[in-house]
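Opening my notebook for today.

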Number of protein chains: 2
Amino acid sequence: MTMEDMTSATWAPLSNAKFNRTIIERGVNLKDVACLPISLGWFGKKEENRRLIKVQCYSMEDTANFYMRPIEGLTVLLDMDTKEVVEVSDTGRSIPIPKATNTDYRFSEQKLQQDLNSVNPISIEQPKGPSFVIEDEHLVKWANWEFHLKPDTRAGVVVSRAKVRDLESGVLRDVMYKGFTSELFVPYMDPTDAWYFKTYMDAGEYGFGLQAMPLDPLNDCPRNAYYMDGVFAAGDGVPYVRSNMVCVFERYTGDIGWRHAESPITGMEIKEVRPKVTLVVRMAASVANYDYIVDWEFQTDGLIRIKVGLSGILMVKGTAYENMNQVEGQENLFGTLLSENVIGVIHDHYITFYLDMDIDGSDNSFVNVNIKRQETSPGESPRKSYLKAVRNVAKTEKDAQIQLKLYDPSEFHVINPTKKTRVGNPVGYKVVPGGTAASLLDHEDPPQKRGAFTNNQIWVTQYNRSEQWAGGLFVYQSHGEDTLDVWSERDRPIENKDIVVWYTLGFHHIPCQEDFPIMPTVSSSFDLKPVNFFESNPILRAPPYFEKDLPVCRPAYSA
Amino acid sequence: MTMEDMTSATWAPLSNAKFNRTIIERGVNLKDVACLPISLGWFGKKEENRRLIKVQCYSMEDTANFYMRPIEGLTVLLDMDTKEVVEVSDTGRSIPIPKATNTDYRFSEQKLQQDLNSVNPISIEQPKGPSFVIEDEHLVKWANWEFHLKPDTRAGVVVSRAKVRDLESGVLRDVMYKGFTSELFVPYMDPTDAWYFKTYMDAGEYGFGLQAMPLDPLNDCPRNAYYMDGVFAAGDGVPYVRSNMVCVFERYTGDIGWRHAESPITGMEIKEVRPKVTLVVRMAASVANYDYIVDWEFQTDGLIRIKVGLSGILMVKGTAYENMNQVEGQENLFGTLLSENVIGVIHDHYITFYLDMDIDGSDNSFVNVNIKRQETSPGESPRKSYLKAVRNVAKTEKDAQIQLKLYDPSEFHVINPTKKTRVGNPVGYKVVPGGTAASLLDHEDPPQKRGAFTNNQIWVTQYNRSEQWAGGLFVYQSHGEDTLDVWSERDRPIENKDIVVWYTLGFHHIPCQEDFPIMPTVSSSFDLKPVNFFESNPILRAPPYFEKDLPVCRPAYSA
């Protein structure tokens, strides 16, 4: 969809008499109606051969947070090209529109109150300025890293040609040819008429970069951040600037790069600690109600952490219930009663990353280093068991369809099979999952077919320039015929080839009252981490902090 | 063990002629020998009825990092009380002692080199000082939190009576009566003679707090940190002060508490972002070679994050191999060749936390909120499936023996069944696992019997004042007869009772060359997070940052 498709869809229902009548009959002024363009997925013949979209509306009377005031059960099916109203489904008339009370989140609207959260000003300060340079507006050089950064309408941010300098040889070494958010899949867990189709694919349908608004200096990124604009084409081809779309900043969090103190046991007087300073690239996409914060964080020890934060506003459902004591027995609300007449519907978030790793060159292999219990033979040892690492090189794509298992764990290495360290280990990086979730929908469910790239958490494919978007190049109303799942089933050879690793970060979200009226950020991450890539700890020689080097600060005048 | 047990054990072998002879024959000067006291676990009758310990030694010639120079295969079995040498096992004479080259990690020993890691000074600054107060030396009051902090020889740090202020009512509400590191389990994965017994339980055997050395200001904790001493009793009962054992600091990392920008779709001019400021309590224990960094981080949104970082130095094994090309076929090295003659042996780390939750009072219930696929009935919906949340209240302890499953996920709520929110949800907190690992050893393996508290990732027990240490009160040479596993098998009622939640954070560690000669920090965490505890987002009214409030900083004079 173009931005023009989306914005014009939000106004189109107002030209329909039936729509206007039901709005007025529900007691809402037409001037207070705010509508959202909702991609409708694909569930069969009905959605074929024309560009359709669904529109649902909210009352914005007395609040900027109209998302909390759904006009429940009213769904308009539109032809996206002609703006013709194809169908108005109007089922929830008995459901009241939730009140505006306590829904506004703007600072200007908060009642005065002794603020228990106030803390003395605290800030990341770097008065000599940043240590990175950005050449040609896009090539970031920081510490031992170099990479190219590109705002992108679909992916948000593309990080490419990431290279890290080897401190032993001084050589810049390839790590990743290109990495980006390839697709999102956000299925809601309510099969009823006004909800079943909510199974968003935010990158391919809405444009993850298209929805990235200018960042808020000091709040979205710390004071020492540099901002980068995006330059995009509008629907009519005219270029426009999305200012401050991406920020880049160095970060010191008080975390420790490495440390060792000799323990009291040895009595040696040694204490060596190195602070950790990193470089963060951030963007935040506001896909209507939801806000996604995507960080690429580069560490001097070679690690890249990719973190996704979720904030913003829930997509909620109106209900007649005001209290859980009105709910009988086993009735399924499809979510949590968050406030009177407001249900936060259960949903998942999957964010699938494209990671074209190039470890010291483009031809790499994927190794599943399986951690397996080995029982000892009778008499071999007082131990009955131990764990060993069994290396399995993936020959073809099906060997690298990975579902993570706590009780059958592995490390996932991308190695260069032709390059060894001094002592003979293949150089590599590993994908290190963090907290995550797996899609549990039926594989034959239409949304899961379209989102089949979430059937595994890790996939590895042979590089193919037409396979960049995990849900397919054309996702809107797609049937799931051009997904990562389909490509991987071709089972091409991937040993010592130019390969792409795909990692999906997932969240199950059962809303809770703390998510009302706006959600505290929840985040999770995964890492790309050197594994026998360097000969030894690459930050061994990093200096500690000394008091004499740190900034001299005083409180602000006005404080 | 007392510190005196440990330190005297390290010297005792030098009184043994056979030991001294083999040291000299291996080409090591007796003055260069550094030895470690190694708890020997329990593997049968042999270790019964006397306090035994094993001692292994290293050469500290030409390096402070003697851990990288093992005298392989030499194990001395000592009587800990009499210091009598019971047995000298001397098997690895053909294995050379690895060279000292490139092993020293001290800043003073680093060769001058253009430092590619150097960045302009960056720091967390808070020139008006911290926003917390510490009353009676131990009661921390910060923002909406209050809790008591106690350094402890066994647990390290004990956080107790943690309460959070409800911003609606102004009332301080109970969250956690007591939380601490109850036990660690660190089994090495090598069944051979000099290694099989290395299955440490660092809290109960060595004293997690006893091994916590003074923190390094500016490097272990940022400049704005406050330090707290520990006061402990030595083996002879005489008190001593462990200065700067714990630090407390406010942290701003550039992360976002919550945000929403209206998307281009709606065109509304709204951008509201709140920075996240937290309070961190930190200690670092150096259990001989390894360093554990334990953080308790308090957020104003009510979340408590417990994070464990691993750094320090690997326990390595000497080998005749200098390159992997010398290793034949399927030979099992039990680890990774890290440098010439040095193998980093595979091992696990488990850190088990005691969490006596008191959600608005001591009597709570544990609810497994299972996320289950529900297939729709034919004709019910265009969707074939969706996920629903099924609440199962644990009646007894066996109902709450939880192994985490990606494909059968749950949320784990501790609720107060007698207290409901305005709209009727039970108030609660949830345990949110992050990246973790499970022990895969045979349950009948002696170390796993002693470490049986790692058989599940979550357990819930009825409070019992004698059940605080997951591996048992007396862990040294224990047989596994007094563990959390044994207590839980009693299957006591836990519904609406004073209950204790146990969470185990795990790591599998296959060493890599980057871990040589000292390891970059690896960390993981889990959260205690409010779930319908508050009526709504408790940080809704938190203010954003304004430029006028932030510090004014300049570079240091000397910089």
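This is a predicted model: local features need pLDDT of at least 70, side-chain atom pairs count only at pLDDT 80 or more; totals for chains, interfaces and linings use all residues.

**Entry 1: what counts as buried.** Before I look anything up, I need a cut-off: a residue is buried when its relative accessible area is under 20%.

**Entry 2: the disulfides.** A quick reminder to myself: a disulfide is a covalent bond between the sulfur atoms of two cysteines.

The cysteines from my last entry are a pair: A:Cys35 and A:Cys57 are joined by a disulfide, with 2.1 Å from S to S. Where do they sit? A:Cys35 lies in strand E1 (residues 33-38) of chain A and A:Cys57 in strand E2 (residues 52-59) of chain A, so the bond ties together parts that are 22 residues apart in sequence. I also looked up the torsion about the S-S bond of A:Cys35 and A:Cys57, and at about 100° it makes this disulfide right-handed.

**Entry 3: another bond in chain A.** A:Cys221 and A:Cys247 also form a disulfide, and their sulfur atoms are 2.1 Å apart. Is this one left-handed or right-handed? The torsion about the S-S bond of A:Cys221 and A:Cys247 is about -95°, so I wrote down left-handed. The pair links distant parts of the chain, 26 residues apart. A:Cys221 is in the loop between helix H3 (202-206) and strand E12 (226-233) of chain A, while A:Cys247 belongs to strand E13 (residues 239-261) of chain A. I checked burial here as well, and both A:Cys221 and A:Cys247 are buried.

A:Cys512 has 3% relative accessibility, so A:Cys512 counts as buried. B:Cys512 has 4%, so B:Cys512 counts as buried as well.

**Entry 4: a sheet in chain B.** Three strands of chain B form an open sheet in the order E17-E19-E18, with antiparallel pairing. Why do E17 and E18 stand at the edges? Strand E17 (316-318) and strand E18 (335-339) each have a single partner strand, so one side of each is left without a neighbour in the sheet. From one strand to the next, the twist averages 40°. I then zoomed in on E17(B) and strand E19 (residues 342-345) of chain B, which pair over three bridges. B:Gly318 has B:Val342 as its bridge partner in E19(B).

**Entry 5: one threonine.** Last stop is B:Thr75, in strand E3 (residues 74-79) of chain B. B:Thr75 has a relative accessible area of 5%, so B:Thr75 is buried. Its side chain makes a polar contact with the side chain of B:Gln56, at 3.0 Å. Leaving aside neighbours within four places in sequence, I found B:Thr75 in contact with several residues, including B:Lys54, B:Glu87, B:Ala194 and B:Phe197.

Terms used: Residues are numbered from 1 along each chain as its sequence is written. Chains are lettered from A and ligands numbered from 1 in the order in which they are written. Side-chain values use heavy atoms; hydrogens and water are left out. Two strands pair if DSSP finds at least two bridges between them. Helices (H or I, at least four residues) and strands (E, at least two) are DSSP runs, numbered from the N terminus. Axes are lines fitted to C-alpha atoms, for helices over the stretch in contact, and angles run from 0 to 180 degrees between N-to-C directions. A disulfide is a pair of cysteine sulfur atoms within 2.5 Å. Buried means under 20% relative accessible area, exposed over 50%, partly exposed in between (1.4 Å probe, protein chains only). A polar contact is a pair of N or O atoms within 3.5 Å; within protein, one must be able to donate a hydrogen and the other to accept it, and residues adjacent in sequence count only if both atoms are side-chain atoms. Contact means heavy atoms within 4.5 Å.
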